[in-house]
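Reader: I have a structure to read and would like to go through it piece by piece. Could we start with the strands?

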Protein chains: 2
Amino acid sequence: MMYIGVDLGGTGIKAGVVNQQGEILSKGSTPTMIERPYQAIIADIAALCGRVTAEAGLTMDDIAGIGVGVPGICDPKTGVIPFCTNLGWHQIPFVEEMHKHIDKPVRVDNDATVAGLAESVAGVSAGSQASVFITLGTGVGGGIIINGRPYSGAHGVGSEIGHMILKMDGEMCTCGNQGCFERYASATAIIREARRAVEKHSESAIMEACGGDPEKINAKIVIDCAKANDPTALTVFDGYVRGLAHGIVSIINVLDPEVIVLGGGVSAAGEYLLDAVRAEVEKHIFYKTMPHAHIELAQLGPDAGIIGAAMLCK
Amino acid sequence: MMYIGVDLGGTGIKAGVVNQQGEILSKGSTPTMIERPYQAIIADIAALCGRVTAEAGLTMDDIAGIGVGVPGICDPKTGVIPFCTNLGWHQIPFVEEMHKHIDKPVRVDNDATVAGLAESVAGVSAGSQASVFITLGTGVGGGIIINGRPYSGAHGVGSEIGHMILKMDGEMCTCGNQGCFERYASATAIIREARRAVEKHSESAIMEACGGDPEKINAKIVIDCAKANDPTALTVFDGYVRGLAHGIVSIINVLDPEVIVLGGGVSAAGEYLLDAVRAEVEKHIFYKTMPHAHIELAQLGPDAGIIGAAMLCK
């Protein structure tokens, strides 16, 4: 049996036919155009599912189900999407609407959860009993996979690892709390700290790299300057790694996964980031003589969304 | 079929025969005497299992298995106890040693996990899909129950909720890190903050209640003074509730359980504590319009250890 995986984003919708092993047989895309009513967007998703199926030389009879990764929160039990800020969606009966077009099982889950599921089927955490996927992007998302299945909690709002409180009374978060993990482990955290740092250190290579405009600082600039041993960038990078490592230690102490997978934009820093994070985690781990989670980089890249979504139906 | 549950403590060992519904049919106890070799202690546990079985009018043929709650970390997969500070145990082959005396399946798990399992079978979280038990004692222990089974992670060191980092760079913890949840949510935290507070506020009712000796302050004294509206005790209590609530919010954001159960010494403060914690959690919850975990007090009291241990074998 085959599955269709749909990666629903604010700009584009990607879909593909995926086999049992998590390999993509065909794929396609269509623009989201979020200003439209949700019914029109879902009709386009359904049409795209038909196209990728035909392109794989299959019919809908070969498809066991359709999985969809959504950049917001989902209730996997009801198929309703209570909140999706990127799409401006609120209480959208997603599965019900999909069933007006295609008579197949439809599963929805959060996009970070879906990416974590993809890695646990066909990526770096394949075969692990429990893994936690952390997306280091504008914010920090999380996916918890236990025994091969996504863990989304009792009300579908679990695995919001970015809003685990890491520093009570710390930096203000967009969620209204202070000190959330994502205030220390996102690309946004790197940019914030770099802007603060260059105020005092205008000689930093960061300033040259951003053309003298701190508004143009991004995480890549800071990490590249750190790799080149710019002292200001190194201080910012070390502070970032420290926050990320403390959050990972919390995750290990609560969930003790077999693998922790780092994905999202900041993870493009590769081994440079990974080595630093592993070393910092070692310093703070609780049971130093016991084995603990391997920390790894995500492997699947942009296709993770399609693969993981498809695996929701497996 | 019946089960035997064993509650292994630093002072005493309690055991009982428990039925499928989590009801105790017979129970007994014996002193631990931790200065002895582990083989002698385990021999006593086995003998106690025999006694409670006979007392229930049963034979070992009626017993499906023996579960044991241990005040340390366990590896439920291997039956080895890597660390148990209270007993001075290190790498004890517990299940193997038990099998020298009794030829029955033996399961071990952490005592907080076992207490959480008891509540999820026969207590306040009965029937819930996912629950988290938090013991508020000298430290803070945790038990995560998912789909009726204890979740102990990939290496048996999960659910160490007390060592989730709540305030990076905060109070020093016994584990070597700073700012662990238990530094803010244990009885020890209440005592520490009360001692600090009475240095500045010797007029506080806490001083009278402890006979003028801050070394004699305990959590009950502080909470009783708070209930009587002593301003200093109220400040300490409010700070405690704030730390506990922030940790609960982290747990909700990561695990989204159906029920969070508060047990351990501090939970004896009852509804006074519960009302305050619920109100503080409401302030900091992420998805304010979505349902979230109920916060409840543990119901089973001192028998939770026997009941939960027995349920490890169910």
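Reader: How many bridges join S12(B) to S13(B)?
Author: First, this is a predicted model: local features need pLDDT of at least 70, side-chain atom pairs count only at pLDDT 80 or more, and totals for chains, interfaces and linings use all residues. Residues are numbered from 1 along each chain as its sequence is written, with chains lettered from A and ligands numbered from 1 in the order in which they are written. Helices (H or I, at least four residues) and strands (E, at least two) are DSSP runs, numbered from the N terminus. S12(B) and S13(B) run parallel, and the number of bridges joining them is four.

Reader: Which helix makes a β-α-β unit with S12(B) and S13(B)?
Author: The unit is right-handed; that is, with the strands pointing away from the viewer, the path from the first strand over the helix to the second runs clockwise. The helix in this unit, residues 271-284 of chain B, is H9.

Reader: Are the residues of S12(B) buried or exposed?
Author: A residue is buried if 20 or more other C-beta atoms lie within 10 Å of its own, exposed if 12 or fewer, and partly exposed in between, with C-beta atoms placed from the backbone. In a regular strand the side chains alternate between the two faces of the sheet. Val259(B), Val261(B) and Gly263(B) point one way from S12(B), while Ile260(B) and Leu262(B) point the other way. Five of the five residues are buried, so S12(B) is largely enclosed by the rest of the structure; the word is buried.

Reader: What is the order of strands in the open sheet that holds S12 of chain B?
Author: This sheet has five strands with mixed pairing. Its edge strands, S11 (149-150) and S13 (294-297) of chain B, each pair on one side only. The order is S11-S10-S9-S12-S13.

Reader: Which residue of S12(B) is the bridge partner of Ile134(B)?
Author: S9(B) has a partner on each side here: seven bridges join S9 (residues 130-136) to S10 (residues 140-146), which run antiparallel, and five join S9(B) to S12(B), which run parallel. On the S10(B) side, Ile134(B) stands opposite Gly142(B). In S12(B), its partner is Leu262(B).

Reader: Chain A has an open sheet of five strands too; what is its order?
Author: Its pairing is mixed, and the edge strands are S3 and S8 (106-110) of chain A. Inside the sheet, six bridges join S1(A) to S4(A), which run parallel, and Ile4(A) stands opposite Ile66(A) in S4(A). The order is S3-S2-S1-S4-S8.

Reader: Which helix of chain A has eight of its eight residues buried?
Author: This helix covers residues 304-311 and is largely enclosed by the rest of the structure, because eight of its eight residues are buried. They include Ile306(A), Ile307(A) and Met311(A). What covers them includes strands S1, S2, S3 and S4 and helix H3 of chain A. The enclosed helix is H10(A).

Reader: Is Asp169(A) buried or exposed?
Author: Asp169(A) lies in the loop between S11 (149-150) and H4 (182-185) of chain A. Its phi is positive, about 70°, although it is not a glycine. With 12 C-beta neighbours inside 10 Å, Asp169(A) counts as exposed.

Reader: How many residues of chain A are in contact with chain B?
Author: Residues are in contact if their C-beta atoms, placed from the backbone, lie within 7 Å. On the chain B side there are 36 such residues, and the number in chain A is 36.

Reader: Which helix of chain B gives the most to the side that touches chain A?
Author: The helix spans residues 231-255 and gives seven residues. Also, 100% of the interface residues of chain B are interface residues in chain A, so the copies meet through the same surface.

Reader: By what turn can chain B be laid on chain A?
Author: Copies are superposed by least squares on the C-alpha atoms of residues with pLDDT of at least 70 in both. The RMSD is 0.0 Å and the shift along the axis is 0.0 Å, with a turn of 180°. The copies are thus related as by a two-fold rotation axis, the turn being 180°.

Technical notes:
Two residues are in contact if their C-beta atoms, placed from the backbone, lie within 7 Å. Two strands pair if DSSP finds at least two bridges between them.
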